[in-house]
Amino acid sequence: MPEAVTHVGSGKVRELYELDDDRLLLVASDRISTFDVVLPTEIPDKGRVLTGLSAFWFARTRELVPNHLLALRDDGRSTECRRLEMLPLECVVRGYLTGSGWKDYRATGSVCGHVLPPGLEDSQKLPEPIFTPSTKAQEGHDENIDRERAAELIGQERFDEVERISIELYRFASEYAAARGILIADTKFELGLDAEGNIMLGDEAFTPDSSRFWPADEYEAGRAQPSFDKQFVRDYCESLGWNKTPPGPELPEGVVSGTRARYVEAFERLTGIAFDAYVADPDVVLS
Ligand code: Q0Z
């Protein structure tokens, strides 16, 4: 008999279902967003690449912090996970100055209460990675908050633990990735509590949808960096003069295949596993 599953949430490109009282099913689609708009054209296997990468990192960081992963399904895009009580903040770590961090730095010299040295350039590597939490916005963009506000939300003791865990996770993954030619400029993840009150890593981890991946061989401070995964899509959208409001444009076949190849390349470089082997047996990323 097929199991009954209740749909409990939608992200831009993922769906969340309830399996039972203790377990959720996270399903990654092949949808892609750019400039915050989901496009009408899918990238084949994107959901599998992101699910496999996330599971790969969960398996390799469980000694730093336990996580919600229980099992991967045979479709390669579905993760059975422990239901957590998510903390009411997004854990953001930045190793490079870009995006809203660069914007805030240019305006104030600080990012989320971290006073930075003067004269830093766009995309420059920071002396040390910084924890820059944000609040979860229901709609629109998450709002950067300073450490005082974050400590108010979850308590000072928990804040200190969350910051330490976040920086450790980022250091581990960014060093691992840099050795394989991919810079993880920044990343966002969600921590939650299990039934016993233990802090666990939930949601997704170090995927190109939750992080900025830059090709290391093209890195140069002082300018915006190309995106490892989405640059073909961005360039195509820019070439159309699209105004970046919905609906987004359909993508031509060459942009789709080139983008799929970049996702598969990121998977294979980081995991050292052939993507075909993952499709044949998703559990290959877990050992
Ligand atoms: C993740 C999200 C998605 C929409 C809730 N293990 C967990 N326990 C409790 N809650 C979550 C998780 Cl992963 C949880 N999200 C983000 C994912 C679709 C929203 F696929 N929301």
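Mentor: The structure holds one cavity of 30 Å³ or more. A cavity is a set of points, on a 1 Å grid over the protein atoms alone, where a 1.4 Å probe fits but cannot get out. Before the details, some ground rules. The model is predicted, so local features need pLDDT of at least 70 and side-chain atom pairs pLDDT 80 or more, while totals for chains, interfaces and linings use all residues. Residues are numbered from 1 along each chain as its sequence is written, and side-chain values use heavy atoms, without hydrogens or water.

The largest cavity holds about 150 Å³ of space. That volume is the space filled by probe spheres set on the grid points, which are joined across faces, edges and corners. The lining has 20 residues; a lining residue has an atom within 4 Å of a point. Nearest the centre are Arg14, Ala28, Leu50, Thr51 and Glu204.

Helix H1 gives the largest share of the lining, seven residues. S3 and H1 each supply at least two. Helices (H or I, at least four residues) and strands (E, at least two) are DSSP runs numbered from the N terminus. By class, the lining divides into seven nonpolar, seven polar and six charged residues. Here Ala, Val, Leu, Ile, Met, Phe, Trp, Tyr, Cys and Pro are nonpolar, Asp, Glu, Lys and Arg are charged, and the others, Gly among them, are polar.

Follow Arg14 next. Arg14 is also among the closest of the 14 residues around the ligand, with Leu26, His68, Arg82 and Leu84. S2 gives the most, three. The shell counts five nonpolar, four polar and five charged residues.

A polar side-chain atom of His68 lies 3.0 Å from a ligand nitrogen. A polar backbone atom of Arg82 is 2.8 Å from a ligand nitrogen. A backbone N or O atom of Leu84 also lies 2.8 Å from a ligand nitrogen. The protein covers 84% of the 470 Å² of accessible area that the ligand has on its own; areas use the Shrake-Rupley method with a 1.4 Å probe.

Methods:
A residue is near a molecule or strand if one of its heavy atoms lies within 4 Å of it. A polar contact is a pair of N or O atoms within 3.5 Å; within protein, one must be able to donate a hydrogen and the other to accept it, and residues adjacent in sequence count only if both atoms are side-chain atoms. On a 1 Å grid over the protein atoms alone, a cavity is a set of points where a 1.4 Å probe fits but cannot get out, and a pocket is an open set with protein on both sides within 12 Å along at least five of seven lines; lining residues have an atom within 4 Å of a point.
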